[in-house]
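Hi,

Here is the structure I promised to send over.

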Amino acid sequence: MNGNSGNNGNLERRYRRVMRLLPGYYREQWEEDMITAFLDGWLTGDPETDEYITTEAWPGWAEVTSVIGLAARLYLGGAGTPRRYFAWGQAVRRAVLAAVLVHAVLGLGVLVQTAWNRRLFGLPPPPAILWAASPGGVWFTVFYVVNAVWIMIFLALVLGHYRTARILAVLAVVPGLVASVQAQLTGSMPAPFASWAFWVPLTLVPVLALAAFHRDSPPAARWPWLLALPPGYVLVYGTLLALQATGNVAWVPDFPGQCCLLVALACLAHAPRAWSRRAAGSGAWSLALALLAAVTAVYRIASLTAYPNDPHLIAVGLAELLILGTAVTLVAPDAARAQAATPSPPPAPHPIAA
Amino acid sequence: MTGQAFFVLTALADGPRHGYGIVGEVAELSQGRVKLKIGGLYGVLDRLAAEGLIEPDREEAHDGRLRRYYRLTRDGRAALAEEAELRAATARVVRVRLGLAGAEAAG
(Lines give C-alpha, C1' and ligand atoms only; values in the text may rest on other atoms or scores of the structure.)
Protein backbone atom coordinates (compact mmCIF):
# COMPACT_ATOMS: atom_id res chain seq x y z
CA MET A 1 0.00 0.00 0.00
CA ASN A 2 1.49 3.30 -0.95
CA GLY A 3 0.60 6.69 0.36
CA ASN A 4 -1.98 7.70 2.87
CA SER A 5 -4.23 10.63 2.36
CA GLY A 6 -5.73 10.56 5.85
CA ASN A 7 -4.75 13.25 8.32
CA ASN A 8 -4.86 11.86 11.82
CA GLY A 9 -2.77 14.46 13.54
CA ASN A 10 -0.58 13.83 16.49
CA LEU A 11 -1.61 10.24 17.10
CA GLU A 12 -0.55 9.14 13.61
CA ARG A 13 2.65 11.15 13.85
CA ARG A 14 3.46 9.58 17.22
CA TYR A 15 2.86 6.07 15.93
CA ARG A 16 4.96 6.75 12.82
CA ARG A 17 7.77 7.78 15.16
CA VAL A 18 7.49 4.41 16.91
CA MET A 19 7.49 2.68 13.51
CA ARG A 20 10.89 4.16 12.78
CA LEU A 21 12.25 1.42 15.02
CA LEU A 22 11.51 -1.03 12.21
CA PRO A 23 13.96 -1.61 9.33
CA GLY A 24 13.35 0.45 6.20
CA TYR A 25 12.57 -2.51 3.93
CA TYR A 26 9.87 -3.65 6.34
CA ARG A 27 8.32 -0.22 6.71
CA GLU A 28 8.20 0.17 2.96
CA GLN A 29 6.09 -2.93 2.76
CA TRP A 30 3.92 -2.79 5.88
CA GLU A 31 3.97 0.68 7.45
CA GLU A 32 0.84 2.19 5.91
CA ASP A 33 -1.13 -0.97 6.58
CA MET A 34 0.03 -1.06 10.20
CA ILE A 35 -0.89 2.58 10.70
CA THR A 36 -4.33 2.04 9.23
CA ALA A 37 -4.90 -0.94 11.53
CA PHE A 38 -3.59 1.03 14.49
CA LEU A 39 -5.87 4.02 13.83
CA ASP A 40 -8.84 1.72 13.22
CA GLY A 41 -8.40 0.62 16.81
CA TRP A 42 -8.69 4.19 18.07
CA LEU A 43 -11.12 6.05 15.87
CA THR A 44 -14.83 5.96 16.68
CA GLY A 45 -16.37 7.59 13.61
CA ASP A 46 -17.61 10.52 15.69
CA PRO A 47 -15.76 13.60 14.35
CA GLU A 48 -15.61 15.41 17.67
CA THR A 49 -14.33 12.42 19.64
CA ASP A 50 -11.88 11.51 16.88
CA GLU A 51 -10.56 15.05 16.79
CA TYR A 52 -9.84 14.83 20.51
CA ILE A 53 -8.27 11.35 20.19
CA THR A 54 -6.02 12.20 17.27
CA THR A 55 -4.78 15.29 19.07
CA GLU A 56 -4.31 13.99 22.60
CA ALA A 57 -3.82 10.20 22.49
CA TRP A 58 -0.47 8.41 22.53
CA PRO A 59 0.32 4.85 21.49
CA GLY A 60 0.16 2.69 24.64
CA TRP A 61 3.15 0.90 26.13
CA ALA A 62 1.86 -2.51 25.06
CA GLU A 63 1.61 -1.23 21.48
CA VAL A 64 5.10 0.26 21.58
CA THR A 65 6.49 -2.94 23.15
CA SER A 66 4.96 -5.04 20.38
CA VAL A 67 6.74 -2.90 17.77
CA ILE A 68 10.02 -3.16 19.72
CA GLY A 69 9.64 -6.94 19.78
CA LEU A 70 8.98 -7.00 16.05
CA ALA A 71 12.00 -4.74 15.44
CA ALA A 72 14.28 -7.03 17.49
CA ARG A 73 13.12 -10.03 15.46
CA LEU A 74 13.71 -8.20 12.18
CA TYR A 75 17.09 -6.63 12.96
CA LEU A 76 18.39 -9.86 14.49
CA GLY A 77 16.99 -11.68 11.53
CA GLY A 78 16.41 -15.33 10.85
CA ALA A 79 15.30 -17.18 7.77
CA GLY A 80 13.75 -14.96 5.12
CA THR A 81 15.28 -11.66 6.25
CA PRO A 82 17.72 -9.65 4.10
CA ARG A 83 21.31 -10.88 4.25
CA ARG A 84 22.50 -7.91 6.26
CA TYR A 85 20.02 -8.51 9.08
CA PHE A 86 20.54 -12.24 8.91
CA ALA A 87 24.29 -11.66 9.37
CA TRP A 88 23.59 -9.48 12.42
CA GLY A 89 21.20 -12.08 13.80
CA GLN A 90 23.71 -14.88 13.35
CA ALA A 91 26.53 -12.77 14.81
CA VAL A 92 24.53 -11.88 17.92
CA ARG A 93 23.37 -15.48 18.37
CA ARG A 94 26.95 -16.76 18.15
CA ALA A 95 28.28 -14.05 20.45
CA VAL A 96 25.57 -14.88 23.00
CA LEU A 97 26.35 -18.59 22.74
CA ALA A 98 30.04 -17.84 23.28
CA ALA A 99 29.32 -15.64 26.32
CA VAL A 100 26.97 -18.24 27.77
CA LEU A 101 29.61 -20.91 27.07
CA VAL A 102 32.07 -18.92 29.21
CA HIS A 103 29.49 -18.82 32.02
CA ALA A 104 28.88 -22.56 31.57
CA VAL A 105 32.62 -23.28 31.76
CA LEU A 106 32.83 -21.23 34.97
CA GLY A 107 29.75 -23.04 36.30
CA LEU A 108 31.30 -26.38 35.45
CA GLY A 109 34.47 -25.22 37.22
CA VAL A 110 32.51 -24.43 40.39
CA LEU A 111 30.72 -27.78 40.30
CA VAL A 112 33.97 -29.72 39.70
CA GLN A 113 35.70 -27.78 42.47
CA THR A 114 32.83 -28.54 44.88
CA ALA A 115 32.93 -32.23 44.03
CA TRP A 116 36.72 -32.22 44.31
CA ASN A 117 36.60 -30.46 47.70
CA ARG A 118 34.26 -33.14 48.97
CA ARG A 119 36.68 -35.85 47.81
CA LEU A 120 34.20 -37.26 45.28
CA PHE A 121 37.08 -37.96 42.91
CA GLY A 122 39.21 -39.67 45.60
CA LEU A 123 41.93 -37.03 45.03
CA PRO A 124 43.74 -34.76 47.48
CA PRO A 125 42.22 -31.26 47.91
CA PRO A 126 42.27 -29.13 44.73
CA PRO A 127 45.06 -26.59 44.28
CA ALA A 128 44.32 -23.09 45.54
CA ILE A 129 44.28 -21.63 42.03
CA LEU A 130 41.09 -23.59 41.26
CA TRP A 131 39.25 -22.25 44.26
CA ALA A 132 36.47 -19.96 43.28
CA ALA A 133 35.76 -17.13 45.68
CA SER A 134 32.58 -18.45 47.22
CA PRO A 135 30.43 -16.05 49.21
CA GLY A 136 29.07 -16.80 52.62
CA GLY A 137 25.61 -16.79 54.14
CA VAL A 138 22.53 -17.04 52.01
CA TRP A 139 24.54 -16.28 48.90
CA PHE A 140 26.42 -19.56 49.24
CA THR A 141 23.51 -21.64 47.91
CA VAL A 142 22.48 -18.99 45.39
CA PHE A 143 26.03 -18.88 44.02
CA TYR A 144 26.00 -22.62 43.25
CA VAL A 145 22.49 -22.56 41.82
CA VAL A 146 23.37 -19.69 39.48
CA ASN A 147 26.46 -21.50 38.24
CA ALA A 148 24.45 -24.64 37.54
CA VAL A 149 21.75 -22.55 35.84
CA TRP A 150 24.25 -21.14 33.33
CA ILE A 151 25.09 -24.69 32.22
CA MET A 152 21.37 -25.36 31.77
CA ILE A 153 20.90 -22.11 29.79
CA PHE A 154 23.76 -23.10 27.50
CA LEU A 155 22.30 -26.56 26.90
CA ALA A 156 18.80 -25.13 26.35
CA LEU A 157 20.07 -22.65 23.73
CA VAL A 158 22.13 -25.23 21.87
CA LEU A 159 19.24 -27.72 21.89
CA GLY A 160 16.80 -25.07 20.62
CA HIS A 161 14.71 -24.63 23.80
CA TYR A 162 14.81 -20.85 23.62
CA ARG A 163 11.85 -20.22 25.94
CA THR A 164 13.37 -22.40 28.64
CA ALA A 165 16.66 -20.53 28.24
CA ARG A 166 14.89 -17.19 28.68
CA ILE A 167 13.08 -18.34 31.83
CA LEU A 168 16.31 -19.74 33.30
CA ALA A 169 18.09 -16.50 32.40
CA VAL A 170 15.95 -14.68 34.97
CA LEU A 171 17.36 -17.02 37.62
CA ALA A 172 20.86 -16.24 36.42
CA VAL A 173 20.42 -12.47 36.24
CA VAL A 174 18.45 -11.57 39.36
CA PRO A 175 20.85 -12.91 42.06
CA GLY A 176 23.78 -11.05 40.48
CA LEU A 177 21.72 -7.87 40.38
CA VAL A 178 20.59 -8.23 44.00
CA ALA A 179 24.15 -9.04 45.15
CA SER A 180 25.53 -6.03 43.31
CA VAL A 181 22.86 -3.72 44.75
CA GLN A 182 23.50 -5.11 48.22
CA ALA A 183 27.24 -4.64 47.80
CA GLN A 184 26.62 -1.12 46.57
CA LEU A 185 24.46 -0.30 49.59
CA THR A 186 26.64 -1.91 52.22
CA GLY A 187 29.90 -0.85 50.59
CA SER A 188 31.39 -4.29 51.09
CA MET A 189 32.91 -4.50 47.61
CA PRO A 190 36.53 -3.41 47.25
CA ALA A 191 35.61 -1.03 44.44
CA PRO A 192 32.20 0.44 43.81
CA PHE A 193 32.01 -0.58 40.16
CA ALA A 194 33.68 -3.97 40.33
CA SER A 195 30.49 -5.99 40.54
CA TRP A 196 28.60 -3.89 38.03
CA ALA A 197 31.55 -4.11 35.64
CA PHE A 198 30.98 -7.86 35.47
CA TRP A 199 27.21 -8.01 35.76
CA VAL A 200 26.26 -5.49 33.06
CA PRO A 201 28.44 -6.61 30.11
CA LEU A 202 28.77 -10.31 30.89
CA THR A 203 25.37 -11.12 32.37
CA LEU A 204 22.77 -8.51 31.50
CA VAL A 205 23.86 -7.86 27.90
CA PRO A 206 23.94 -11.55 26.83
CA VAL A 207 20.60 -12.17 28.53
CA LEU A 208 18.98 -9.19 26.74
CA ALA A 209 20.53 -10.41 23.50
CA LEU A 210 18.64 -13.69 23.91
CA ALA A 211 16.01 -11.79 21.89
CA ALA A 212 18.02 -12.91 18.86
CA PHE A 213 16.83 -16.48 19.47
CA HIS A 214 13.34 -16.61 18.03
CA ARG A 215 11.17 -18.83 15.88
CA ASP A 216 12.84 -17.76 12.65
CA SER A 217 16.42 -18.20 13.83
CA PRO A 218 18.16 -21.25 12.45
CA PRO A 219 19.21 -23.83 15.04
CA ALA A 220 22.77 -23.63 16.39
CA ALA A 221 25.29 -26.17 15.18
CA ARG A 222 24.46 -28.55 18.00
CA TRP A 223 27.46 -30.88 18.26
CA PRO A 224 30.27 -28.35 17.84
CA TRP A 225 28.79 -26.18 20.60
CA LEU A 226 28.09 -29.11 22.93
CA LEU A 227 31.57 -30.50 22.35
CA ALA A 228 33.07 -27.06 23.07
CA LEU A 229 32.14 -27.27 26.77
CA PRO A 230 34.71 -29.90 27.93
CA PRO A 231 37.62 -28.40 25.91
CA GLY A 232 36.60 -24.96 27.17
CA TYR A 233 36.89 -26.23 30.72
CA VAL A 234 40.25 -27.86 30.01
CA LEU A 235 41.54 -24.73 28.24
CA VAL A 236 40.71 -22.44 31.17
CA TYR A 237 41.38 -24.64 34.18
CA GLY A 238 44.08 -26.81 32.55
CA THR A 239 46.04 -23.66 31.72
CA LEU A 240 45.68 -22.43 35.30
CA LEU A 241 46.89 -25.77 36.67
CA ALA A 242 49.79 -25.89 34.22
CA LEU A 243 50.87 -22.38 35.17
CA GLN A 244 50.78 -23.28 38.84
CA ALA A 245 52.61 -26.56 38.31
CA THR A 246 55.41 -24.74 36.48
CA GLY A 247 55.62 -21.97 39.07
CA ASN A 248 54.34 -19.31 36.67
CA VAL A 249 51.12 -18.49 38.47
CA ALA A 250 52.08 -14.81 38.65
CA TRP A 251 51.46 -14.63 34.90
CA VAL A 252 47.77 -15.41 35.28
CA PRO A 253 45.83 -12.23 34.48
CA ASP A 254 42.64 -11.31 36.31
CA PHE A 255 39.34 -12.49 34.83
CA PRO A 256 38.76 -9.47 32.54
CA GLY A 257 42.32 -9.98 31.29
CA GLN A 258 41.64 -13.66 30.65
CA CYS A 259 38.52 -12.69 28.67
CA CYS A 260 40.56 -10.23 26.56
CA LEU A 261 43.14 -12.93 25.79
CA LEU A 262 40.49 -15.54 25.02
CA VAL A 263 38.71 -13.27 22.52
CA ALA A 264 42.07 -12.22 21.02
CA LEU A 265 42.99 -15.91 20.57
CA ALA A 266 39.64 -16.58 18.94
CA CYS A 267 40.22 -13.66 16.52
CA LEU A 268 43.67 -15.01 15.64
CA ALA A 269 42.27 -18.50 15.08
CA HIS A 270 39.52 -17.11 12.82
CA ALA A 271 41.73 -14.65 10.92
CA PRO A 272 42.86 -17.06 8.13
CA ARG A 273 39.23 -17.85 7.38
CA ALA A 274 38.25 -14.18 7.50
CA TRP A 275 40.97 -13.33 4.97
CA SER A 276 40.17 -16.22 2.66
CA ARG A 277 37.81 -15.17 -0.11
CA ARG A 278 36.60 -18.73 -0.48
CA ALA A 279 35.38 -19.03 3.11
CA ALA A 280 31.76 -18.19 2.44
CA GLY A 281 29.73 -17.21 5.47
CA SER A 282 32.72 -16.37 7.67
CA GLY A 283 31.42 -12.79 8.02
CA ALA A 284 28.90 -13.64 10.71
CA TRP A 285 31.67 -15.17 12.80
CA SER A 286 33.88 -12.12 12.28
CA LEU A 287 30.99 -9.88 13.32
CA ALA A 288 30.36 -12.09 16.37
CA LEU A 289 34.01 -11.79 17.39
CA ALA A 290 33.90 -8.02 16.91
CA LEU A 291 30.83 -7.85 19.17
CA LEU A 292 32.52 -10.04 21.78
CA ALA A 293 35.63 -7.86 21.58
CA ALA A 294 33.55 -4.72 22.14
CA VAL A 295 31.78 -6.17 25.19
CA THR A 296 35.06 -7.53 26.57
CA ALA A 297 36.76 -4.17 26.10
CA VAL A 298 33.94 -2.47 28.04
CA TYR A 299 34.34 -5.07 30.78
CA ARG A 300 38.13 -4.58 30.88
CA ILE A 301 37.89 -0.80 31.00
CA ALA A 302 35.14 -0.79 33.64
CA SER A 303 37.02 -3.28 35.81
CA LEU A 304 40.15 -1.11 35.75
CA THR A 305 38.31 1.27 38.09
CA ALA A 306 39.06 -1.32 40.78
CA TYR A 307 42.78 -0.43 40.60
CA PRO A 308 42.85 3.38 40.74
CA ASN A 309 46.13 3.42 42.69
CA ASP A 310 47.95 0.60 40.95
CA PRO A 311 49.73 1.86 37.82
CA HIS A 312 51.20 -1.60 37.15
CA LEU A 313 47.79 -3.30 36.91
CA ILE A 314 46.43 -0.42 34.85
CA ALA A 315 49.38 -0.78 32.47
CA VAL A 316 48.72 -4.54 32.22
CA GLY A 317 45.05 -3.86 31.56
CA LEU A 318 45.88 -1.39 28.80
CA ALA A 319 48.30 -3.92 27.28
CA GLU A 320 45.48 -6.50 27.25
CA LEU A 321 43.25 -3.97 25.52
CA LEU A 322 45.96 -3.33 22.95
CA ILE A 323 46.30 -7.06 22.27
CA LEU A 324 42.52 -7.36 21.95
CA GLY A 325 42.31 -4.32 19.66
CA THR A 326 45.11 -5.59 17.42
CA ALA A 327 43.56 -9.05 17.17
CA VAL A 328 40.13 -7.72 16.30
CA THR A 329 41.48 -5.59 13.45
CA LEU A 330 42.34 -8.88 11.72
CA VAL A 331 38.67 -9.81 11.45
CA ALA A 332 37.20 -6.29 11.29
CA PRO A 333 37.22 -5.98 7.46
CA ASP A 334 35.37 -9.27 7.10
CA ALA A 335 32.90 -8.18 9.80
CA ALA A 336 32.31 -4.90 7.94
CA ARG A 337 31.71 -6.79 4.68
CA ALA A 338 29.14 -9.02 6.38
CA GLN A 339 27.03 -6.22 7.79
CA ALA A 340 27.32 -4.04 4.70
CA ALA A 341 26.26 -6.81 2.36
CA THR A 342 23.63 -5.78 -0.14
CA PRO A 343 20.23 -6.53 1.33
CA SER A 344 18.36 -9.18 -0.56
CA PRO A 345 14.60 -8.80 -0.68
CA PRO A 346 12.64 -10.73 1.92
CA PRO A 347 9.91 -13.14 0.87
CA ALA A 348 7.08 -10.84 -0.10
CA PRO A 349 3.36 -11.47 0.02
CA HIS A 350 1.78 -12.35 -3.28
CA PRO A 351 0.74 -9.38 -5.38
CA ILE A 352 -2.66 -7.96 -4.69
CA ALA A 353 -5.33 -9.47 -6.87
CA ALA A 354 -7.01 -7.16 -9.27
CA MET B 1 1.90 -23.39 14.43
CA THR B 2 1.68 -20.84 17.25
CA GLY B 3 -1.60 -20.04 18.95
CA GLN B 4 -1.61 -16.55 17.46
CA ALA B 5 -1.06 -17.84 13.92
CA PHE B 6 -3.84 -20.38 14.43
CA PHE B 7 -6.26 -17.66 15.52
CA VAL B 8 -5.28 -15.34 12.65
CA LEU B 9 -5.82 -18.11 10.08
CA THR B 10 -9.14 -18.99 11.73
CA ALA B 11 -10.18 -15.32 11.56
CA LEU B 12 -9.64 -15.44 7.80
CA ALA B 13 -11.35 -18.79 7.30
CA ASP B 14 -14.77 -17.35 6.44
CA GLY B 15 -13.54 -14.51 4.25
CA PRO B 16 -10.98 -11.74 3.79
CA ARG B 17 -10.42 -9.27 6.62
CA HIS B 18 -8.32 -6.15 7.08
CA GLY B 19 -5.75 -5.70 9.86
CA TYR B 20 -7.97 -4.36 12.60
CA GLY B 21 -10.79 -6.66 11.53
CA ILE B 22 -8.46 -9.58 12.26
CA VAL B 23 -7.63 -8.15 15.70
CA GLY B 24 -11.33 -7.92 16.55
CA GLU B 25 -12.17 -11.36 15.18
CA VAL B 26 -9.29 -13.00 17.06
CA ALA B 27 -10.43 -11.36 20.31
CA GLU B 28 -13.93 -12.67 19.72
CA LEU B 29 -12.81 -16.18 18.71
CA SER B 30 -10.61 -16.44 21.78
CA GLN B 31 -13.28 -14.96 24.04
CA GLY B 32 -10.99 -12.06 24.84
CA ARG B 33 -7.98 -14.19 25.81
CA VAL B 34 -5.89 -13.20 22.79
CA LYS B 35 -5.59 -9.43 22.34
CA LEU B 36 -3.24 -8.83 19.43
CA LYS B 37 -1.25 -5.61 19.36
CA ILE B 38 -0.42 -4.21 15.94
CA GLY B 39 3.29 -5.11 16.16
CA GLY B 40 2.35 -8.65 17.14
CA LEU B 41 -0.33 -8.93 14.44
CA TYR B 42 1.99 -7.91 11.64
CA GLY B 43 4.73 -10.14 13.02
CA VAL B 44 2.29 -13.00 12.47
CA LEU B 45 0.92 -11.71 9.15
CA ASP B 46 4.36 -11.27 7.56
CA ARG B 47 5.36 -14.80 8.59
CA LEU B 48 2.14 -16.32 7.26
CA ALA B 49 2.54 -14.35 4.02
CA ALA B 50 6.15 -15.49 3.68
CA GLU B 51 5.03 -19.09 4.19
CA GLY B 52 2.38 -18.65 1.51
CA LEU B 53 -0.53 -19.30 3.89
CA ILE B 54 -2.19 -15.90 3.40
CA GLU B 55 -2.11 -13.28 0.66
CA PRO B 56 -3.43 -9.75 0.14
CA ASP B 57 -6.96 -9.75 -1.27
CA ARG B 58 -7.85 -6.12 -2.06
CA GLU B 59 -7.56 -2.56 -0.81
CA GLU B 60 -10.52 -0.39 0.13
CA ALA B 61 -10.65 3.30 0.96
CA HIS B 62 -12.04 4.10 4.39
CA ASP B 63 -12.05 7.61 5.89
CA GLY B 64 -9.26 8.71 3.58
CA ARG B 65 -7.09 5.72 4.36
CA LEU B 66 -6.58 2.45 2.53
CA ARG B 67 -7.41 -0.79 4.27
CA ARG B 68 -5.68 -3.87 2.94
CA TYR B 69 -7.64 -7.09 3.19
CA TYR B 70 -6.03 -10.51 3.55
CA ARG B 71 -7.33 -13.94 2.60
CA LEU B 72 -6.30 -17.53 3.09
CA THR B 73 -4.47 -19.25 0.26
CA ARG B 74 -5.18 -22.85 -0.67
CA ASP B 75 -2.11 -23.88 1.38
CA GLY B 76 -3.32 -21.75 4.27
CA ARG B 77 -6.72 -23.46 4.23
CA ALA B 78 -5.06 -26.89 4.21
CA ALA B 79 -2.65 -25.93 7.02
CA LEU B 80 -5.51 -24.57 9.11
CA ALA B 81 -7.62 -27.71 8.57
CA GLU B 82 -4.68 -29.90 9.55
CA GLU B 83 -3.96 -27.85 12.66
CA ALA B 84 -7.64 -27.81 13.66
CA GLU B 85 -7.78 -31.59 13.31
CA LEU B 86 -4.65 -31.98 15.42
CA ARG B 87 -6.00 -29.70 18.13
CA ALA B 88 -9.39 -31.41 18.09
CA ALA B 89 -7.75 -34.84 18.44
CA THR B 90 -5.70 -33.55 21.38
CA ALA B 91 -8.81 -32.04 22.96
CA ARG B 92 -10.61 -35.41 22.59
CA VAL B 93 -7.79 -37.18 24.41
CA VAL B 94 -7.84 -34.56 27.18
CA ARG B 95 -11.59 -34.96 27.64
CA VAL B 96 -11.29 -38.74 27.83
CA ARG B 97 -8.47 -38.55 30.35
CA LEU B 98 -10.37 -36.08 32.50
CA GLY B 99 -13.43 -38.34 32.39
CA LEU B 100 -15.47 -35.63 30.65
CA ALA B 101 -16.25 -37.52 27.45
CA GLY B 102 -18.40 -40.18 29.18
CA ALA B 103 -20.21 -37.64 31.31
CA GLU B 104 -20.99 -35.56 28.23
CA ALA B 105 -22.35 -38.58 26.35
CA ALA B 106 -24.47 -39.56 29.36
CA GLY B 107 -25.73 -35.98 29.73
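Among contacts in chain B between residues at least 6 apart in sequence, what percentage join residues at least 24 apart? The answer is 46%. Do keep in mind that this is a predicted model.

On the overall layout: chain B has five helices and three strands, and they come in the order α-β-α-α-β-β-α-α along the sequence. Chain B is more spread out than a compact globule, because its radius of gyration is 16 Å, well over the 13 Å that the globule rule gives for 107 residues. The C-alpha trace spans about 55 × 25 × 20 Å along its principal axes.

As for burial and surface, 42% of the 107 residues of chain B count as buried. The accessible surface of chain B is about 5,600 Å², with 52% of that belonging to carbon and sulfur atoms.

Now for α4(B), which runs over residues 74-97. This helix has 24 residues and reaches 35 Å from first C-alpha to last, close to the 34 Å expected at 1.5 Å a residue. Its buried residues are G76(B), L80(B) and E83(B). Among what covers them are α1 (3-11) and β3 (65-72) of chain B.

Cheers

Conventions. Residues numbered from 1 in each chain as written. Chains lettered and ligands numbered in written order. Predicted model: local features only at pLDDT ≥ 70, side-chain atom pairs only at ≥ 80, totals over all residues. Heavy atoms only, no water. Helix = DSSP H or I, 4+ residues; strand = E, 2+ residues; numbered from the N terminus. Rg over C-alpha atoms; globule rule 2.2 N^0.38 Å. Buried < 20%, exposed > 50% of the residue type's maximum accessible area, 1.4 Å probe, protein only. Contact = heavy atoms within 4.5 Å. Areas by Shrake-Rupley, 256 points an atom, 1.4 Å probe, with all protein chains shown as cover. Expected span 1.5 Å × (residues − 1).
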